[in-house]
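Okay, thanks everyone for coming.

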Amino acid sequence: MSSKTSRSTPADAAHLKPNTIGAFGLTFMVVAVAAPLTAMASNLSLSLGFGVGAGTVGLLVVVALALTVFASAFVALARYVTNAGAYYAFIGFGLGRTVGSGAAFVATTAYNMAAAGMAAATGYFLGLTVESMLGFDAPWYVYAAVALVLTAWFGRRGVEIAKHLITVVSIMQFVMLLVLAVAVAVQRPEGWTVDVFSPSAMLDGNVALTLAFCVLSFVGFEATAIYGEEARAARTSIKTATYASIVLLVGVFVIATWSLVAAFDDVKAVASEDPGALVFATADIYLGAWSGNLLSILVTISFFAASVAFHNMAARYHFSLGRAELLPPVLATVHPRWGTPAAASALQSAISVLVLAPFVISGADPIINLFPMVSGVTSVSLISLMVGCCASILVAVHRNKLPRTNTWAAIVAPIVAGVCLLVLLGVIVANYSDVTGSTKLLVILMPVLPIGAAVYGALRQRRIGNRNELSVID
């Protein structure tokens, strides 16, 4: 690693506990954000019903290839910049502190919204599961409160503990989806055809909707770099985990989606009737009625694992911004025993409570009313940040801040990935109501929130001047 060190606060400032997570743990942090089982039961089932149907399998591969190209640029930046606010430092490295700070607040807004949404979903589905299995009925927010308390505990203890939970939950999801795929392969082998990869299948229907949902199924890229300060051999671990997570998620999503296609004569017709029930219906047919309760449990803990993952990501942004004086410096406080961003984690828990409070008070359904807001803000924000990373590396090369020795990673990949991501962003914006599943004015206007956050971050950076640094390089 470079011997040059640039700190965002004085030399005696606290830093997160190093060497607490390796490439294996980082990989599953990305998987937890993607939440494979819930993605199958939501985004990809919606694509099968209202997008291109069976062609979703082929478009998953196309999107994965585009994200792999982006990964080349992402990893190239990770070699030179390490920070708990990864996109913040990545974008600022090439485009300057002002743009980087604006990007930081976009990411912070998206991750806080997502953490609250996942906590609400955990409570909602835990309530359904408990009622189905035990006959006990309680409001969703009671279970959500339990989820928030547990999430706060995991956040306080840090990734040393959270990585074990997330890894186990992720493997359980993989096993369930694989068992279902094997059952379909054994009972209906004729359903598995390569037609799903044909251009005619991939273009048969609402391509824009499918592309948007495929991209949403891979959100969480940044998780590998967010833990860079806490990772063992950070640059090697980030590179390994980034590519490993892509391969793992592509494999799982392609096989699982293909199995749903193979399970029915006309998966589009079945999925369009009730996309949320598609995975459950398939499991009921090919595995038996016993699988229903197990799937409900796995969906619930999948949402909880995603809640923990988003909580940790948001908390590390609070920590990084506190250290850079863009937020109150108290947020850079580290737990004396665990070396975790304790104050930043507490703030995230408080934000989740504030986000959920209006839904509790009004009696609104969190899935119908909150999730559209979360999905819209998260998709627009994170893809915009990925485009920003592509632009940053190109500008950094132009300014000789990055070497041109690797033409692919430094020039070709960011151009190709940037263009592809801009197209995908345009697709999502143009089909925003389809992506969120809502035409409500409040949902449509939600992207104003990250835009406002970006403006605030940029103005705050201009106000404090250049006395802070964006990167912490070991």
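So, to start: how do the residues of the lining of the largest cavity divide into nonpolar, polar and charged? Ten are nonpolar, two are polar and one is charged. Keep in mind that this is a predicted model.

Let's stay with that cavity for a moment. Its volume is about 100 Å³. Of the 13 residues that line the largest cavity, the closest to its centre are Phe218, Val219, Gly220, Leu382 and Met386. Helix α17 supplies the largest share of that lining, with four residues. And in total we count four cavities of 30 Å³ or more.

Now the second largest cavity, which comes in at about 50 Å³. Here I can give you the lining: Val30, Phe218, Phe221, Ser245, Ile246 and Leu249. By class, five of the lining residues are nonpolar, one is polar and none is charged.

On to the open space. The largest pocket holds about 1000 Å³. It has 42 lining residues, and Ser42, Asn43, Leu46, Phe371 and Ser375 are the closest to its centre. Several helices give at least two residues each, including α1 (23-34), α6 (97-134) and α15 (291-323). But α17 gives the most, seven residues.

What about the packing? The largest nonpolar core has 162 residues, and Phe218 shows up again, among those with the most contacts inside it, as do Phe70 and Leu421. Apart from that core lies another one, of seven residues, with Leu16, Phe319, Val334 and Ala344 among them. Back to leucine 421: leaving out residues up to four places away in sequence, it touches Leu67, Phe70, Ile383, Met386, Val387 and Cys390.

Last stop, serine 170, in helix α8, residues 159-187. Buried or exposed? Serine 170 counts as buried because its relative accessibility is 1%, and the cut-off for buried is under 20%. Its side chain reaches the backbone oxygen of isoleucine 166 at 2.8 Å. Beyond its neighbours within four places in sequence, serine 170 is in contact with Phe28, Val31 and Ala32.

Okay, that's my tour. Over to you.

Terms used. Residues numbered from 1 in each chain as written. Predicted model: local features only at pLDDT ≥ 70, side-chain atom pairs only at ≥ 80, totals over all residues. Heavy atoms only, no water. Buried < 20%, exposed > 50% of the residue type's maximum accessible area, 1.4 Å probe, protein only. Polar contact = N/O pair within 3.5 Å; in protein donor to acceptor, adjacent residues only side chain to side chain. Contact = heavy atoms within 4.5 Å. 1 Å grid on protein atoms, 1.4 Å probe; cavity = no way out; pocket = protein on both sides within 12 Å on 5 of 7 lines; lining within 4 Å. Points joined across faces, edges and corners; volume = space filled by probe spheres on them. Core = buried A, V, L, I, M, F, W, Y, C linked by side-chain atoms within 4.5 Å. Nonpolar A, V, L, I, M, F, W, Y, C, P; charged D, E, K, R; others polar.
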